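Dear colleague,

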Amino acid sequence: MNGRAKLAINWLRGNKLAVVVLMALLVTAILTWVSMWIYHINDVSRLDISRPGYEVVRESVQRQEEAGMFQATGKLDKKAVDLFLKEFNAKRKLLDGNSRFDQGALSDEQLELVSVPETVE
Amino acid sequence: MRKYLLICCALVIAFSPLVSAESAPLSDAQLNAVLANCSVAQVTLGRIQQSDKPARINRGFRYDSILKLMVKLNTRVAQSRIDAPELLSITSNYEKEIKAFTQTYTTYDDDLSDIQKMDCKEAPTDFYDSLTRVRENRTRLEGHVNQIDFYLDEYEKSVNNVGNILL
């Protein structure tokens with residue numbers, strides 16, 4: 001072992017607390033980086049509206065509905081099918097108020113990109 | 001001769017995506033309109049992006065919720081030994097369509113973010129080409145929404161058929 005390595009080991013032995021704090025900071029930084037990477041790699045960041053500036057958007061998001069009565073187990077009779085259809089249609093109805101991504105919103109007229117004909121004097 | 005044909009085919013394949021992404025050239029009047037109002041259009045596009053977000057979140061959540069309900073019914077149909085393979089195939093197609101909707105939204109949202117960062121006064125033609133791409137992706141999104149509705153209608157019809165068997 002050369003002199004430099006010995007010196008480093010002696011320094012580490014003499015500053016155990018500092019070494020532990022630095023290690024903890026390093027681990028925290030790595031874990032934070034990993035969690036931020038996961039946050040950006042999937043669609044979570046795209047759909048995260050808890051950030052500042054999304055107050056208006058937050059109000060437009062529908063609250064979760066209560067769990068339905070229809071279960072995955074039990075006898076399947078006409079009554080069960082009717083209950084299913086009732087819940088199925090109720091859930092479908094909740095989709096009605098949402099945008100269907102129709103083309104009108106991006107038209108030249110909406111974006112004010114329509115060429116105005118020059119007036120002849 | 002065959003060699004030349006192969007080269008021609010390779011060139012067509014290599015350049016076909018570029019050709020399809022480009023829109024018709026802008027007329028002078030259109031170019032002027034883009035130059036004059038593209039900054040306003042970028043602000044409007046930002047607003048559209050903000051208003052699309054809740055639609056994406058709500059639709060995604062509702063679609064998943066309906067899928068869970070469909071899986072519950074499929075389980076009960078299987079347990080009751082009723083032969084209804086169309087329920088499974090519709091559920092599978094519905095699930096695939098939800099995934100396609102999610103992926104298309106990601107591309108659409110990325111393009112919408114990029115177009116707002118563009119220097120549209122410097123490159124108006126590029127701006128309009130990007131806008132064409134955003135429109136194409138929005139058309140695809142609308143198509144996914146319609147296709148999902150179609151599968152839900154088909155599923156409801158099949159459930160009614162199962163209900164008629166049980167009568």
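Ring pairs join A:Phe101, B:Tyr63, B:Tyr94, B:Phe101, B:Tyr105 and B:Tyr108 into a cluster; rings of Phe, Tyr and Trp (its six-membered ring) pair if their centres lie within 6.5 Å, and planes under 30 degrees apart count as stacked, over 60 as edge-to-face and the rest as tilted. This is a predicted model, in which local features need pLDDT of at least 70 and side-chain atom pairs pLDDT 80 or more, while totals for chains, interfaces and linings use all residues. Residues are numbered from 1 along each chain as its sequence is written, chains are lettered from A and ligands numbered from 1 in the order in which they are written, and side-chain values use heavy atoms, without hydrogens and water.

Over all chains, the whole structure holds eleven aromatic pairs. One of them, A:Phe84 with A:Phe88, is stacked, at 5.4 Å centre to centre and 25° between the planes. These two residues are about one helical turn apart because they lie four residues from each other in helix α5 (residues 78-93) of chain A; helices are DSSP runs of H or I of at least four residues, numbered from the N terminus. A:Phe88 is buried at a relative accessible area of 0%, where buried means under 20% (1.4 Å probe, protein chains only). The ring of A:Phe88 also forms a tilted pair with B:Tyr155, with centres 5.9 Å apart and planes at 35°. Since B:Tyr155 belongs to helix α4 (residues 124-166) of chain B and A:Phe88 to α5 of chain A, this pair joins two chains. B:Tyr155 is likewise buried, at 0% relative accessibility.

Yours sincerely

Technical notes. Buried < 20%, exposed > 50% of the residue type's maximum accessible area, 1.4 Å probe, protein only.
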